[in-house]
Amino acid sequence: MFEKIVRELLEKKDLKRLQGVLNSETPVKIIEFFENNEENEKDLIILFRLLNKERAAEVFAELDPDMQMKLISSINDEKLQGLLEELYFDDMIDFIEEMPSNVVKRVLENYKNENRSLINQFLSYEEDSAGSLMTIEYLSIKSNWTVKDSLLYIRKKVEELETIDVAYVTENKKLIGEISLKNLLISNDDDLIENIMNKNILYVTTSTNQEEAIDLFKKYDLTVLPVIDKENILVGIITIDDVVDAIEEENTEDFQKMAAMAPSKEEYLDSSVFQLAKNRLTWLLVLMVSATFTGTIISKYENIIEQMVVLAAAIPMLMDTGGNAGSQSSTLVIRGMALGEIKDSDCLKVLWKELRVSMIVGIGLGLVNFLRMKLILKNDLKISLLVSLTLGVVVVIAKLVGGLLPIGAKKLKLDPAIMAGPLVTTIVDALALVIYFYMAMLLYKDVLNI
């Protein structure tokens with residue numbers, strides 16, 4: 001309905017009424033309209049210019065970088081300065097990080113002089129650190145204030161802050177306590193903050209890894225988390241909306257690594273063909289080269305295949321099943337590690353669990369395959385037994401390898417996601433062939449010329 005009204009008013013060029021409709025609508029609806037009509041650049045620029053400063057900042061912060069750059073280029077310096085004043089500081093940093101140098105220069109020229117050094121400080125934080133995720137707009141009160149004083153102060157500051165869920169108690173800028181807005185509201189007006197504040201505070205430092213901060217949000221169901229520096233001075237907070245964005249980015253990165261691709265923050269349709277090819281080619285080359293091991297193994301046992309051609313027919317099935325079995329385990333373990341359910345110290349627990357699971361699965365698959373080969377395909381008893389036994393052993397080993405490799409990667413300070421499907425499959429393929437031919441040699445030693 002909103003989209004239909006906007007289109008009609010644009011066609012009629014009734015800008016005055018359109019301005020009223022836009023500024024009375026929720027930012028979410030306006031953002032959806034922008035996302036659904038990216039091809040109508042001129043119309044979107046008109047709409048953006050009609051938004052008031054506050055609404056423009058809310059919409060601008062959620063748009064993709066390309067659209068942000070187009071909008072920035074379309075407005076004058078006065079409008080730009082007003083927009084920048086309304087943006088929360090963390091949204092400003094996110095925007096600057098995505099922009100080309102000419103846009104950044106213009107933004108900084110129109111930003112408050114006293115905050116430029118602060119912007120440079122934020123940009124110096126490592127990309128995956130808590131410092132790069134935080135915002136400086138937090139609620140700070142004093143321990144000697146009363147509840148009444150604190151609530152009056154919050155009312156004055158509420159428009160400037162991103163969240164007021166928690167007020168942080170500071171002394172000489174050092175974090176000494178915290179109190180939730182709920183507890184402030186239910187306390188007596190004359191209560192001193194120092195008597196009702198929580199001194200047992202969860203916090204991170206600016207250099208803390210992003211994943212550790214995210215784990216705290218998940219574990220304690222937080223909506224906000226304070227960030228301090230080396231001197232225990234409160235420098236910012238991380239809010240739940242930024243954590244959700246970070247989780248989405250990390251999940252996307254993990255999926256890309258699990259699919260044997262170099263991670264990229266660009267959206268699929270915005271990425272060039274050459275960039276997509278580059279992201280995929282490197283890992284495919286690594287896997288292709290590593291897959292030559294399977295060819296080497298087959299070459300080594302070439303004389304066995306020549307004497308018993310029937311053995312070759314089962315190789316694809318053994319390799320595929322082993323690779324799939326290993327991928328199942330690695331995927332579950334990687335996800336468990338990402339959610340904090342599995343720790344580095346749980347190596348033996350994972351080993352024991354995967355051993356039991358793999359034995360049940362291996363025996364089940366082996367029995368079904370034996371019946372298939374003997375009763376349906378009418379294979380020789382010995383061949384059916386060889387392939388089925390090999391299948392069971394390969395599944396057990398594949399699941400153990402798939403379960404343990406991600407934990408091993410984490411202990412070596414590597415991303416567990418790289419030990420997913422493609423890499424596990426390559427390793428398991430080589431192991432499956434070695435096991436298969438070794439068991440063939442044991443069972444057919446009397447007839448093979450080896």
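This is a predicted model: local features need pLDDT of at least 70, side-chain atom pairs count only at pLDDT 80 or more; totals for chains, interfaces and linings use all residues.
Biologist: Where do I start with two packed helices?

Modeller: Start with two values. Packed helices are described by the angle between their axes and the distance between the axes. Take helix α21, residues 347-376, and helix α22, residues 381-411. Their axes lie 8 Å apart, at an angle of about 155°.

Biologist: Which orientation does that give α21 and α22, parallel or antiparallel?

Modeller: Angles over 145 degrees count as roughly antiparallel, so α21 is roughly antiparallel to α22. The crossing of these two helices is right-handed.

Biologist: What classes of residue make the contact of α21 with α22?

Modeller: The contact has 20 nonpolar residues, 8 polar and 4 charged.

Biologist: Now α2 and α4. At what angle do they pack?

Modeller: About 70°, with the axes 9 Å apart. Helix α2 spans residues 15-24, and helix α4 spans residues 41-50. The angle falls between 65 and 115 degrees, so α2 is roughly perpendicular to α4.

Biologist: Which residues make that contact between α2 and α4?

Modeller: From α2 come Leu15, Leu18, Gln19, Leu22 and Asn23. From α4 come Ile46, Leu47 and Leu50. By class, this contact of α2 with α4 holds 6 nonpolar residues, 2 polar and no charged.

Biologist: How do α3 and α5 cross?

Modeller: Helix α3 covers residues 27-36 and helix α5 covers residues 53-62. Their axes come within 9 Å and cross at roughly 50°. The two helices are therefore oblique to each other. Their crossing is right-handed.

Biologist: What does each of α3 and α5 bring to the contact?

Modeller: Helix α3 brings Pro27, Ile30, Ile31 and Glu35. Helix α5 brings Arg55, Glu58, Val59 and Glu62. The classes in this contact of α3 with α5 are 4 nonpolar, no polar and 4 charged.

Biologist: Let us turn to empty space. How is it found?

Modeller: Rolling a probe the size of a water molecule over the atoms shows where empty space is left. Here, a search of the whole structure finds 2 cavities of 30 Å³ or more.

Biologist: What is the volume of the largest cavity?

Modeller: About 50 Å³.

Biologist: Which residues line the largest cavity?

Modeller: The lining is Phe48, Leu51, Asn52, Lys53, Ala56, Ile75, Lys79, Gly82 and Leu83. Helices α5 and α7 (77-86) each supply at least two of the lining residues. The largest share, 3 residues, comes from α7. By class, the lining of this cavity has 5 nonpolar, 2 polar and 2 charged residues.

Biologist: And the pockets? What is the volume of the second largest pocket?

Modeller: About 240 Å³.

Biologist: How many residues line the second largest pocket, and which lie nearest its centre?

Modeller: The lining has 17 residues. Nearest the centre are Val166, Glu178, Asn198, Leu202 and Leu222.

Biologist: Which elements give two or more residues to the lining of the second largest pocket?

Modeller: Strands β2 (166-171), β3 (174-180) and β5 (224-228).

Biologist: How do the lining residues of the second largest pocket divide by class?

Modeller: They divide into 11 nonpolar, 5 polar and 1 charged.

Conventions. Residues are numbered from 1 along each chain as its sequence is written. Side-chain values use heavy atoms; hydrogens and water are left out. Axes are lines fitted to C-alpha atoms, for helices over the stretch in contact, and angles run from 0 to 180 degrees between N-to-C directions. Helices (H or I, at least four residues) and strands (E, at least two) are DSSP runs, numbered from the N terminus. Angles under 35 degrees count as roughly parallel, over 145 as roughly antiparallel, 65 to 115 as roughly perpendicular and the rest as oblique. A crossing is left-handed if the near helix is turned anticlockwise from the far one by less than a right angle, and right-handed if clockwise. Contact means heavy atoms within 4.5 Å. Ala, Val, Leu, Ile, Met, Phe, Trp, Tyr, Cys and Pro count as nonpolar, Asp, Glu, Lys and Arg as charged, and the others, Gly among them, as polar. On a 1 Å grid over the protein atoms alone, a cavity is a set of points where a 1.4 Å probe fits but cannot get out, and a pocket is an open set with protein on both sides within 12 Å along at least five of seven lines; lining residues have an atom within 4 Å of a point. Grid points are joined across faces, edges and corners, and a volume is the space filled by probe spheres set on the points.
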